[in-house]
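Here is a brief report on a single protein chain. Start with the sequence and the model, then read on.

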Amino acid sequence: LPKAELAFLAACHTVGPEGNTLDEVPHLTAAMQFSGFRSVIGTMWAMADEDGQNLTEYFYRKMFS
């Protein structure tokens, strides 16, 4: 992805895998960066579906204001 700049991942635990495979499996955030995105924002906590929508709205409102 030569022109990829930013990936914003508003879902549960996109920064790290769960369980005992912390050093074995690349997490989604790392995979996005590896595929070409220069900047990747992920979440480290569990959240409800509606929280993802609220977080995304807040993020983009602040980013473009």
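## Aromatic rings and a buried threonine

At 65% relative accessibility, Phe64 counts as exposed, because that value is over the 50% cut-off. The model is predicted, so local features are reported only where pLDDT is at least 70.

**Ring pairs.** Two of them are described here. The rings of Phe59 and Tyr60 form an edge-to-face pair, because their planes stand at 80 degrees, over the 60 that this class needs. Their centres lie 5.0 Å apart. Tyr60 also pairs with Phe64. Here the planes are at 10 degrees, under the 30-degree limit, so the pair is stacked. The centres of Tyr60 and Phe64 are 6.1 Å apart.

Tyr60 thus takes part in a pair with Phe59 and in a pair with Phe64. Ring pairs also bring in Phe8: Phe8, Phe59, Tyr60 and Phe64 are linked into a cluster.

**Exposure.** Which class does each of these residues fall into: buried, partly exposed or exposed? Phe59 is buried, because its 19% is under the 20% cut-off. Phe64 is exposed at 65%.

| Residue | Relative accessible area | Class |
|---|---|---|
| Thr29 | 9% | buried |
| Phe59 | 19% | buried |
| Phe64 | 65% | exposed |

**Thr29.** This residue lies in helix H1, which spans residues 28-34. Is Thr29 buried or exposed? Thr29 counts as buried, because its relative accessibility of 9% is under 20%. What does Thr29 touch beyond its neighbours within four places in sequence? Its contacts there are Leu9, Thr14, Val15, Val40 and Gly42.

**The whole chain.** The protein chain has two helices and two strands. Along the sequence they follow the pattern β-α-β-α. Buried residues make up 20% of the 65 residues. Among contacts with a separation of 6 or more, 72% join residues 24 or more positions apart. The chain exposes about 5000 Å². Carbon and sulfur atoms supply 58% of that area.

Definitions and conventions
Residues numbered from 1 in each chain as written. Predicted model: local features only at pLDDT ≥ 70, side-chain atom pairs only at ≥ 80, totals over all residues. Heavy atoms only, no water. Helix = DSSP H or I, 4+ residues; strand = E, 2+ residues; numbered from the N terminus. Buried < 20%, exposed > 50% of the residue type's maximum accessible area, 1.4 Å probe, protein only. Contact = heavy atoms within 4.5 Å. Phe/Tyr/Trp six-rings, centres within 6.5 Å; stacked < 30°, edge-to-face > 60°. Areas by Shrake-Rupley, 256 points an atom, 1.4 Å probe, with all protein chains shown as cover.
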